[in-house]
Amino acid sequence: MADNEQKRAPQGVDTASPSVSRVYDFMLGGKDNYESDREMARLALEVAPDAPEAARAAREFLRRVVRHLTAEAGIRQFLDIGSGLPTQGNVHEIAQASAPGTRVAYVDNDPIVLVHGRALLAVDDTTTVVEADLRQPDKILDDPEVARLIDFTEPVGLLLLGILHHLPDEDDPAGLTARLVSRLPPGSHLAVSHFCNPG
């Protein structure tokens, strides 16, 4: 099974190692995942049997945040770091329903996210997908493709949804977030969602 999956996978995608984005896709009932992702999801479900409900709640939170920022706060450009696999109700779809022409730069470091995102957005000049890692905030902010769409003299909606909890303390998630926020102009907004372990 694994050999067949690797043969069918997009070039550069390692199906033998689980991916955070693909495990999340599985939890949402998606189809863009492989046996290694499903096995990781099964292990996660032993510890957190409500993970699929949490995944759906996270998507609903994203929808509420983006609708609020476009309709109420007037944000017309979003930087979505750790965007994950495209699914129903992507940031650009939600934002553009309220404010046509809203620009979105998606950032992820998972090869399959990039393949799917670029295929989805191939005909949309108000969105882009950039390969980068949250641990390199300046690389993200200085990326030419991000700069093509995101005007850092105007308010930005920075989305760090379901990403910070994947960084260990030694990566200094708070410091990385502060670095990103320090480059945003006045009127910008930061949205964060974060898993917690209540013990």
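The legends below describe close-up views of a predicted model.

Residues are numbered from 1 along each chain as its sequence is written, and side-chain values use heavy atoms, with hydrogens and water left out. Because the model is predicted, local features need pLDDT of at least 70 and side-chain atom pairs count only at pLDDT 80 or more, while totals for chains, interfaces and linings use all residues.

**View 1. Asp-133 and Arg-135 form a salt bridge.**
A salt bridge is a side-chain nitrogen of Lys or Arg within 4 Å of a carboxyl oxygen of Asp or Glu. By this rule the model has 13 salt bridges. In the pair shown here, N and O are 2.7 Å apart. Asp-133 is buried, at a relative accessible area of 14%, whereas Arg-135 is partly exposed at 42%. Buried stands for under 20% relative accessible area, exposed for over 50%, and partly exposed for values in between (1.4 Å probe, protein chains only). Accessible areas come from the Shrake-Rupley method with a 1.4 Å probe, and for residues only the protein chains shown count as cover.

**View 2. A salt bridge joins Asp-138 to Arg-183.**
The distance from N to O is 3.0 Å. Asp-138 belongs to helix α7 (residues 137-141) and Arg-183 to the loop between α9 (173-182) and β5 (189-193), so the pair ties together parts that are 45 residues apart in sequence. Helices (H or I, at least four residues) and strands (E, at least two) are DSSP runs, numbered from the N terminus. Both side chains belong to partly exposed residues: Asp-138 has a relative accessible area of 30%, and Arg-183 one of 28%.

**View 3. Glu-145 and Arg-148 pair within helix α8.**
Their closest N and O atoms are 2.8 Å apart, in a salt bridge. The two residues are three apart in helix α8 (residues 144-149), about one turn of the helix. An α-helix has 3.6 residues a turn, so residues three or four places apart point the same way. Glu-145 is partly exposed at 27% relative accessibility, and Arg-148 is partly exposed at 45%. Elsewhere, salt bridges link Glu-35, Arg-38, Glu-39 and Arg-42 in a network.

**View 4. The largest nonpolar core holds 21 residues.**
A nonpolar core is a set of buried Ala, Val, Leu, Ile, Met, Phe, Trp, Tyr and Cys residues joined through side-chain atoms within 4.5 Å. The members that touch the most others are Leu-79, Ile-81, Val-107, Leu-134, Leu-158, Leu-160 and Leu-180. At least two residues of this core come from each of β1, β2 (103-108), α7, α8, β4 (157-161) and α9. Apart from this core lies another, of 16 residues, including Val-65, Val-66, Tyr-106 and Leu-161. In soluble globular proteins, nonpolar side chains tend to be buried together.

**View 5. Leu-158 and its contacts.**
Contact means heavy atoms within 4.5 Å. Not counting residues up to four places away in sequence, Leu-158 touches Leu-79, Ile-81, Leu-180, Val-181, Leu-184, His-189, Leu-190 and Ala-191. One of these, Val-181, is found in helix α9 and is partly exposed at 34% relative accessibility. Val-181, Leu-190 and Val-192 make a nonpolar surface patch of about 200 Å². Patches are made of residues with over 30% relative accessible area and no salt bridge; like charges are joined within 9 Å, and nonpolar side chains (Val, Leu, Ile, Met, Phe, Trp, Tyr) within 5 Å.

**View 6. Ser-83 sits in the loop between β1 (77-81) and α5 (91-98).**
Ser-83 is buried, with a relative accessible area of 14%. Leaving aside neighbours within four places in sequence, Ser-83 is in contact with Tyr-106, Val-107, Asp-108 and Val-113.

**View 7. Pro-173 is placed in helix α9.**
At 16% relative accessibility, Pro-173 is buried. Pro-173 touches Leu-164, Leu-167 and Pro-168, residues up to four places away in sequence not being counted. From C-alpha to C-alpha, Pro-173 and Ile-163 are 9.5 Å apart in space, and they are 10 residues apart in sequence.

**View 8. Helix α2 (residues 20-27) and the glycine after it.**
The buried residues of this helix are Ser-21, Arg-22, Val-23, Asp-25 and Met-27. Gly-29 follows α2 and has a positive phi, near 85°.
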